[in-house]
Amino acid sequence: MAWTGKILRVNLTSGSVKQEALNMDWAQTYLGQRGLATKYLVEEIDPKCDPLGPDNKLIMATGPLTGTMASTGGRYSVICKSPLTGCVACSNSGGFIGAELKNAGWDMIIFEGKSKKPVYLYVENDKAELLPADKIWGTSVWATDEWLHKKHQDPALRIAAVGRSAENGCLYSAVINDLHRAAGRSGVGTVMASKNLKAVAVRGTAGVGNIKDPKRFMQATTEAKQVLAENAVTGQGLPTYGTQVLMNVINEIGALPTRNMREVQFEGAHKISAEAMAEPRKSDGKANLTTNAGCFGCTIACGRISTIDRTHFTIENKPQYWGNSGGLEYEAAWAMGTDTGIDDLDAVTYANFICNEDGMDPITFGATVAAAMELYEAGVIGDKETGGIAFKFGNAQALAKAAEMVATGEGFGKDLALGSKKLCEKYGRPELSMTVKGQEFPAYDPRGIQGMGLAYATSNRGACHLRGYTVASEVLGIPEKTDPLVTDGKAGLVKAFQDATAAFDSSGLCIFTSFAWTLENVAPQLDAACAGGWSPERLAEVGERIWNMEREFNLEAGMKASDDTLPKRLTTEKANTGPAEGKVNGLSAMLPEYYELRGWSKDGKPTDKTRQRLGL
C-alpha cells in the first residue's frame, strides 16, 4: 500500500522514542507528506503556540511514493509552525534522506518537546535512539555530516542537520540534508535547533516492498518516465541548464525583480545565468558548473554542482571551499544576485555555499541583504550599524561578508538574521520589506506576471512560488498559455495550481514533474501503489482539502484576510521597463473572485458549506 504504516514519535523532553501506527483514515484523506503531516500538526498543537517554544512540533514526513521506483520519488518535507511568519510551515526537500527514511520503514518522525542538552536522532531500520550532540553543537552542517559519518563508520548514512545560523536563532534557517539539499524556507531549521536537535541520521535497508500492484506500478512509472523524457523542460531544459534556465527568460519578459524589487530587469542577468555557469573562465579554463546531479530516483537531474575560481577574493585563502559543492539554482542566483544588483557569479556561488554549509534559506537571506542595501543607500542605516561594510547595491564583498556574519551570528549578521520584515521594522521603514505574511518574495515580479501576485498574496506560508506556480502557464505555456499581463481568469488559474501542487507535495514526488505531468499522470502511479482507489479528481479534492486545512490553521494562529496582500511598491509603483512597463499588480481585481471560487467568505474564511464538502 506504499505507506509503511509506522510513525516514530520522539519526545525530546523525556528522551523517549516510540513507534506508533499511522492513522490510515487520515492517510486516505490527506495522502501523505505535506497533507498528512500537516493534519497531524493541526491536531496536536495550539495554532497560537510560540514557534520556538517546546509546544511546537517538528515533523519529518515522506509521501507514499517516496522511496519507490517512481521518478523523483525521493522527496520528504519538514512541517511545523514557522518562526518567520507565524503560519504553517512545510518545506520540501530532495536528495536521499527521504527515501532512506522510507527504506528504514517509517512514514514520518514527529519531534515534540525540547531536549535539555543537544542531541541527534540515529535511526537504523527499527532501531532508533537519541544520542549526545554536544561535540557537534556549534559546528556547521558540513562539519556535522563529516563527524556523524566518522562516528558511525557508515558511508551510506543519510543525514539532515542544522547549522550555526539555526543555533543562533536566525529566523530563516533551513534543515540541510545530503550536504546541499534543503528544506529551505520558513525557518524550519530554526525550530529544529530550538529543540536542541542537531541532526537526524538515517540508515534504511528494509526497502519499500508493500506496493499494492507491483506489475501495474512498474508499467505506470515507466510510462510516466517516458513523458518526462519527451518533454522539452524535463527532458532537455532542466537537465542541461537546471532551474537557472529561467534567468534570461524572466529578464526578457520584464519580470525579474531587481534591487529590492525597485526594477523589473537586470542588466547583469546574463553574467549569473545558466549559460554563464557553463562558460569556461579566463582564469583557469574551467566553468562554474562542474556537472548536473539528480536526487534519489530522479530522471530529470536538475541539480547543479559547482566549483569557484580559486583566485576569487571569496576563497583565495580558504582551501576548504576549493572543491565542488551544490551550485546555484535560479531562486538563489536571483536573490543573492539580481535582487542585490550583484553580477559576480563566483561571489554569488560562494554565498550559496555558505547558505548550504550553515543552513540558511538563500531566498530570504538574499532578499534581506537587498532590503539592507536599500536602507543603507537611503541613509537609514550606515557604517555604524553594518560594522563598516558599505551595503550598496552591487557590492559583492558586502554579500560575501553578510553570509559569513549570518552564519556565525556576529555583528550586523544578527540584524540580517531577523529577515527583511523585522529588519525594516526595526529601522522604521517597513515598506521596504518585500514580503507576504513575513516571508520574502521569490524571483518573479508580479507586475510582469499578474497571476503570481495573487499566488503570493494568498499563499499559506507567505510569499512563495512553489505553492502555485502560474509561471508555468503565464510564461512557459504549461499546460496552456495565458497572458501574463492580464488579471482575467487568474483567480481560477491560481486555485487550480494551488490544489494540484498540494497533491503533488503530498505524494512523495517532485513538483518539477508537473512541467510534464498533470494529475492524470500521477493518479495511475498512486492507484497502483496505494490502497483506496486514486483518480485525478480525487487527488484534486485532496489538494483542495489540504489548502483549506492550512488556511484554517493560519486563521486560528491570528492571520486575517488583510494579510492576503502585497507590498505597496508592487501595487503602486509601475514597472519601469520591459513588456510590463507602466503596470502594477492588479491584486484587487483578482482577490474577490479567488475568495468566491475557494468557497470562502468575504473575510477570507472557509464557509460552513465548504468545510462540510471537504470534510474539515
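Mentor: A residue is called buried when its relative accessible area is under 20%, exposed when it is over 50%, and partly exposed in between. The model is a predicted one. By that cut-off, the buried residues of helix H4 are Val141, Trp142, Thr144, Asp145, Leu148 and His152. Viewed down the axis of H4, these buried residues fall within an arc of 160°, so they line one face of the helix.

H4 covers residues 141–152, which makes 12 residues. From first C-alpha to last, H4 reaches 17 Å, close to the 16 Å expected at 1.5 Å a residue. At its start, a side-chain oxygen of Ser140 comes to within 3.4 Å of the backbone nitrogen of Trp142. Trp142 is also one of the buried residues of H4. After the helix comes Gln153, with a positive phi near 50°.

Now the charged pairs. Side chains of opposite charge can pair when their charged atoms come close. Over the whole structure, a search finds 44 salt bridges. One of them joins the side chains of Asp178 and Arg158, at 3.4 Å from N to O. Asp178 sits in the loop between strands E10 (175–177) and E11 (181–183), and Arg158 in strand E9 (residues 158–161), so this pair ties together parts that are 20 residues apart in sequence. Asp178 is buried at a relative accessible area of 12%, whereas Arg158 is partly exposed at 26%.

Lys198 and Glu167 form another salt bridge through their side chains, at 2.6 Å from N to O. Here Lys198 belongs to strand E12 (residues 197–203) and Glu167 to helix H5 (residues 164–167), so the parts tied together are 31 residues apart in sequence. Lys198 counts as buried, with 0% relative accessibility.

The side chains of Arg185 and Asp361 also meet in a salt bridge, at 3.0 Å from N to O. Arg185 is in the loop between E11 and helix H6 (188–194), and Asp361 is in the loop between helix H12 (345–358) and helix H13 (362–377), so the pair ties together parts that are 176 residues apart in sequence. Arg185 is buried, with a relative accessible area of 5%, and Asp361 is buried, with one of 2%. Salt bridges also link Arg9, Glu20, Glu44, Lys57 and Glu112 in a network.

The aromatic pairs come to 14. In one, the ring centres of Trp26 and Tyr40 are 4.9 Å apart and the planes stand at 80°, so the pair is edge-to-face. Trp26 lies in helix H1 (residues 24–30) and Tyr40 in helix H2 (residues 33–44), 14 residues apart. Trp26 is partly exposed at 21% relative accessibility, and Tyr40 is buried at 4%. Phe512 and Phe515 make a tilted pair, 6.0 Å centre to centre with 45° between the planes.

Last, a loop residue. Ile308 is found between strand E14 (303–306) and strand E15 (325–326), and is buried at a relative accessible area of 1%. Leaving aside residues up to four places away in sequence, Ile308 touches Arg281, Thr314, Ile315, Asp346, Thr349, Tyr350 and Phe353.

Definitions and conventions: Residues numbered from 1 in each chain as written. Predicted model: local features only at pLDDT ≥ 70, side-chain atom pairs only at ≥ 80, totals over all residues. Heavy atoms only, no water. Helix = DSSP H or I, 4+ residues; strand = E, 2+ residues; numbered from the N terminus. Expected span 1.5 Å × (residues − 1). Buried < 20%, exposed > 50% of the residue type's maximum accessible area, 1.4 Å probe, protein only. Arc of directions from axis to C-beta. Polar contact = N/O pair within 3.5 Å; in protein donor to acceptor, adjacent residues only side chain to side chain. Contact = heavy atoms within 4.5 Å. Salt bridge = Lys/Arg side-chain N within 4 Å of Asp/Glu carboxyl O. Phe/Tyr/Trp six-rings, centres within 6.5 Å; stacked < 30°, edge-to-face > 60°.
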